[in-house]
Amino acid sequence: MRVWIDHAECSGVGVCVDACPEIFTLESDSLAYITVAGHRFGSNDPANVSDEMLESVLDAAEDCPQDCIYVAA
Ligand code: SF4
């Protein structure tokens, strides 16, 4: 599964961090980032995420008030 954030739309509220803190972090630039295996992914930069994380990642995408978290197979 690939997951990415469009920073042009991210409002930095951090709902994604509440839903899935294993992957999403809120940084000092007030944007959410995805980090996997120590690598931080930038805007529209797809991260490969394990299937075990699917439920919480989908929760984050569904809860995101800006609808700027994208998930693809
Ligand atoms: S929930 Fe969406 S808008 Fe809010 S910080 Fe996360 S990615 Fe950005």
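The following is a short exchange on how the terms used for this predicted model rest on their definitions.

Me: What should I keep in mind about the numbering and the model?
Reply: Residues are numbered from 1 along each chain as its sequence is written, and side-chain values use heavy atoms, with hydrogens and water left out. The model is predicted, so local features need pLDDT of at least 70 and side-chain atom pairs count only at pLDDT 80 or more, while totals for chains, interfaces and linings use all residues.

Me: What makes β2 and β3 a pair of strands?
Reply: A strand is a DSSP run of E with at least two residues, a helix is a run of H or I with at least four, and both are numbered from the N terminus. Two strands pair if DSSP finds at least two bridges between them. Strand β2 covers residues 24-26, strand β3 covers residues 32-36, and three antiparallel bridges link them, so the pair meets the rule. One of these contacts sets Phe24 against its bridge partner Ile34 in β3. Five residues sit between the strands of this hairpin, where Ser30 has a positive phi near 65°.

Me: How do you know that β4 belongs with β3?
Reply: Strand β4 (residues 39-41) and β3 are also joined by three antiparallel bridges. Ile34 faces Phe41 in β4, and Val36 stands opposite His39. This hairpin has two residues between its strands, and Ala37 in the turn takes a positive phi of about 50°.

Me: Why are β2 and β4 called edge strands?
Reply: The sheet is open, with the order β2-β3-β4 and antiparallel pairing. β2 and β4 each pair on one side only. Neighbouring strands here are turned by 40° against each other on average, direction ignored; axes are lines fitted to C-alpha atoms, for helices over the stretch in contact, and angles run from 0 to 180 degrees between N-to-C directions.

Me: Why is the pair of Glu27 and Arg40 called a salt bridge?
Reply: The term asks for a side-chain nitrogen of Lys or Arg within 4 Å of a carboxyl oxygen of Asp or Glu. The closest N and O atoms of Glu27 and Arg40 are 3.8 Å apart, so the pair qualifies. Glu27 lies in the loop between β2 and β3 and Arg40 in strand β4, so the contact ties together parts 13 residues apart in sequence. By this rule the count is one salt bridge.

Me: What makes β5, β1 and β6 an open sheet?
Reply: These three strands pair antiparallel in the order β5-β1-β6. The edges are β5 (47-48) and β6 (69-72), each pairing on one side only. Four bridges join β1 to β6, with Tyr70 as the partner of Trp4. Helix α2 (residues 54-63) lies across β1 and β6, at about 140° to β6.

Me: How do you know that there is a cavity?
Reply: On a 1 Å grid over the protein atoms alone, a cavity is a set of points where a 1.4 Å probe fits but cannot get out, and lining residues have an atom within 4 Å of a point. One cavity of 30 Å³ or more is found. The largest cavity holds about 100 Å³, a volume being the space filled by probe spheres set on the points, which are joined across faces, edges and corners. Its lining has 15 residues, with Cys10, Gly14, Cys16, Cys64 and Pro65 nearest the centre.

Key. Contact means heavy atoms within 4.5 Å. On a 1 Å grid over the protein atoms alone, a cavity is a set of points where a 1.4 Å probe fits but cannot get out, and a pocket is an open set with protein on both sides within 12 Å along at least five of seven lines; lining residues have an atom within 4 Å of a point.
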